[in-house]
Amino acid sequence: MLLQQTSPIIKIVGSNCSFFNNSPRSTPKYLSFLMDKEKPLPVLSSSLLLKHPVFHCQASHESLETSLRNEEIPVHGLSKTIVGVLGGGQLGRMLCQAASQMAIKVMVLDPLVNCPASSLAYHHMVGSFDDSATVQEFAKRCGVLTIEIEHVDAATLEKLEQQGVDCQPKASTIRIIQDKYLQKVHFSQHGIPLPEFMQIGDLEGAKRAGELFGYPLMIKSKRLAYDGRGNEVAKSEEDISSAVTALGGFDRGLYVEKWAPFVKELAVIVARGRDNTILCYPVVETIHKENICHIVKAPADVPWKIRKLATDVSYKAVSSLEGAGVFAVELFLTSDGQILLNEVAPRPHNSGHHTIESCYTSQFEQHLRAVVGLPLGDPSMKTPEAIMYNLLGEDEGEPGFHLAHQLIGRALNVQGATVHWYDKPEMRRQRKMGHITIVGPSMGIVEARLNSMFKEGGSDSQSAVTPRVGILMGSDSDLPVMKDAARILNMFGVPYEVRIVSAHRTPEMMFSYASSARDQGVQIIIAGAGGAAHLPGMVASLTPLPVIGVPVRGSSLDGMDSLLSIVQMPRGVPVATVAINNATNAGLLAVRMLGVGDSDLLARMSQYQEDTRDEVLKKAEKLQCDGWESYLNP
């Protein structure tokens with residue numbers, strides 16, 4: 001029942017209460033119940049009352065807050081622990097979304113009445129998360145206290161821990177992380193590879209650092225630095241003074257880092273359970289625009305040994321800290337293959353937003369699992385490739401909202417795209433307003449889908465079909481044989497492409513196709529060749545994809561030369577081989593290989609086998625009934 005104009009039905013305990021607006025149109029339906037005069041219903045969230053300008057009450061807020069006690073409200077989720085989050089921004093919002101799937105109750109403390117998490121939280125306490133008294137009052141209502149922003153009062157968390165409050169991660173970790181110089185010292189003491197760094201306290205010290213490290217020189221604030229804030233680059237000694245001034249002066253607390261000549265910025269989300277179990281998500285590449293995360297590619301397109309090194313460094317870094325939760329480890333990959341730690345965030349992170357769609361357990365669910373003591377979930381990817389694109393404010397106010405909504409409208413037409421809008425009330429340039437994640441079978445396809453999102457005329461990516469199999473042949477004379485592979489793929493509904501690519505006449509084209517096939521979404525290559533039959537082996541040497549070779553019968557040697565050439569590949573260059581001219585089996589083998597991860601194809605293959613069996617049984621019955629002479633002469 002909605003609140004009616006003629007009969008307001010909410011009565012607030014306390015004095016000086018008056019309605020601003022009690023029309024049905026403006027009153028949210030969750031306010032349409034009768035509140036008992038002496039005991040307000042405990043299901044009413046003060047954040048909801050405060051978010052909507054339905055009434056004003058100077059004295060009722062405290063009474064309403066007092067009525068919300070943990071013991072009054074039964075909890076039946078996967079954990080009975082009520083999670084308190086310091087901060088109610090977009091990270092808090094997505095924590096609440098993940099919590100709702102497990103019926104875990106999340107309370108947030110944030111000074112903004114209409115912060116992004118307020119409409120989704122079990123309860124929103126309006127107040128500052130760096131005010132000691134407010135945090136202590138908030139902690140009384142929670143079973144475990146965690147953060148979505150590290151710029152909180154570490155001393156208050158330490159005091160709460162001494163009083164027995166469960167803080168995850170630990171206050172000691174927050175204290176280390178929120179001072180970036182102290183963070184560098186800590187990781188250096190634990191043998192984590194870092195860019196060289198030193199503390200500076202005056203202009204002479206900064207100049208000495210420049211002489212020691214060279215230029216460009218990275219000058220950073222120790223505290224309150226994130227999203228590009230708190231970092232300045234001095235390209236020469238003359239730039240130092242202006243860089244220091246831009247950072248607020250030496251009194252703010254500064255340090256310098258030797259410039260890291262990185263070729264890529266990488267990141268690893270690391271989850272740590274209460275039992276000290278540690279799991280690492282796949283390594284991703286982060287691309288920044290004006291020092292703010294712009295795009296995240298998952299997984300990172302780097303060699304496996306670089307992925308392992310990045311994972312090992314991240315694991316070691318998080319192992320040196322205390323407490324449970326999700327940590328984001330940001331890294332530099334240098335041109336000589338080194339991995340250097342940039343910084344660590346003790347919370348869910350922008351580089352892990354893709355995990356909501358791309359991984360079996362999102363970073364937000366994982367953080368909740370960790371802090372309440374549930375088993376950690378599987379961090380592996382459930383989709384081959386993903387891109388996360390940050391929706392940053394392109395203009396101020398309404399023009400900015402208009403531009404963002406135009407882009408969102410186009411994104412909704414992109415295959416594999418999911419839009420996340422943070423519902424922030426104010427638009428500013430370069431402010432993180434939301435993000436879009438696109439998943440797909442290859443990075444090339446995902447990038448093409450992302451690019452189509454920026455076309456004003458809309459996107460045709462929904463209708464685009466990506467070939468899963470590439471059928472190659474060295475000459476059109478092989479086509480009468482290779483067409484049988486295409487026929488089989490047509491029968492099973494597998495998209496494919498047919499190309500003439502000669503290992504001898506067009507080696508550049510062969511190299512280009514084989515080395516880029518995976519990025520284009522191709523999963524299996526069928527290569528037919530006669531004579532010397534170099535094509536299958538050469539392609540197999542250039543791609544990690546499985547290659548099926550089809551020996552094509554030539555004018556001499558009856559195809560034996562092709563067969564022997566294909567099966568005699570050197571160790572380390574495997575090529576699957578079928579009978580001479582048997583492209584049909586090559587097509588069937590490709591379908592079976594794809595069927596390992598495609599239940600529909602697997603079911604179709606089982607049906608194909610049943611159909612061929614039934615066909616043989618019918619022939620056997622006909623032969624038995626009619627006799628061989630009638631069978632041969634119908």
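Two residues are in contact when they have heavy atoms within 4.5 Å of each other. On that basis, among contacts in the chain between residues at least 6 apart in sequence, 63% join residues at least 24 apart. The model is predicted, so local features need pLDDT of at least 70 and side-chain atom pairs count only at pLDDT 80 or more, while totals for chains, interfaces and linings use all residues. Residues are numbered from 1 along each chain as its sequence is written, and side-chain values use heavy atoms, with hydrogens and water left out.

**The chain as a whole**

- The secondary structure comes to 20 helices and 24 strands, taken as DSSP runs numbered from the N terminus (helices: H or I, at least four residues; strands: E, at least two).
- Of the 634 residues in the chain, 50% are buried, where buried means under 20% relative accessible area with a 1.4 Å probe and protein chains only.
- The chain has an accessible surface of about 29500 Å², 52% of which belongs to carbon and sulfur atoms; the areas come from the Shrake-Rupley method with a 1.4 Å probe.

**Nonpolar cores**

- A nonpolar core is a set of buried Ala, Val, Leu, Ile, Met, Phe, Trp, Tyr and Cys residues joined through side-chain atoms within 4.5 Å.
- The largest such core has 26 residues, and those with the most contacts inside it are Phe187, Leu266, Leu331, Ile339, Leu341 and Val344.
- At least two residues of this core are supplied by each of α6 (171-178), β11, β12 (278-280), α10 (304-319), β15 (325-334) and β16 (339-345), with the largest share, five residues, coming from α10.
- Apart from this core lies another, of 25 residues, which include Val481, Ala486, Val550 and Val578.
- Once its neighbours within four places in sequence are left aside, Val344 is in contact with Ile177, Gln183, Phe187, Leu321, Phe327, Ala328 and Val329.

**Helix α6**

- Helix α6 is mostly covered, with six of its eight residues buried, namely Ala171, Thr173, Ile174, Ile176, Ile177 and Gln178.
- These buried residues pack against β6, α5 (154-162), α7 (180-189), β15 and β16.

**Cavities and pockets**

- On a 1 Å grid over the protein atoms alone, a cavity is a set of points where a 1.4 Å probe fits but cannot get out, whereas a pocket is an open set with protein on both sides within 12 Å along at least five of seven lines; lining residues have an atom within 4 Å of a point.
- Grid points are joined across faces, edges and corners, and a volume is the space filled by probe spheres set on the points.
- The lining of the largest cavity consists of Leu86, Leu145, Thr146, Ile147, Leu157, Cys167, Gln168, Pro169 and Ile174, and strand β6 (residues 144-147) gives the most to it, with three residues.
- The second largest cavity holds about 30 Å³ of space and is lined by Ala267, Val268, Ile269, Tyr281, Pro282, Val284, Ser351 and His354, with the largest share, three residues, coming from strand β11 (residues 262-272).
- The second largest pocket has a volume of about 390 Å³, and of the 20 residues that line this pocket, the closest to its centre are Pro384, Pro441, Arg468, Gly521 and Gln523.
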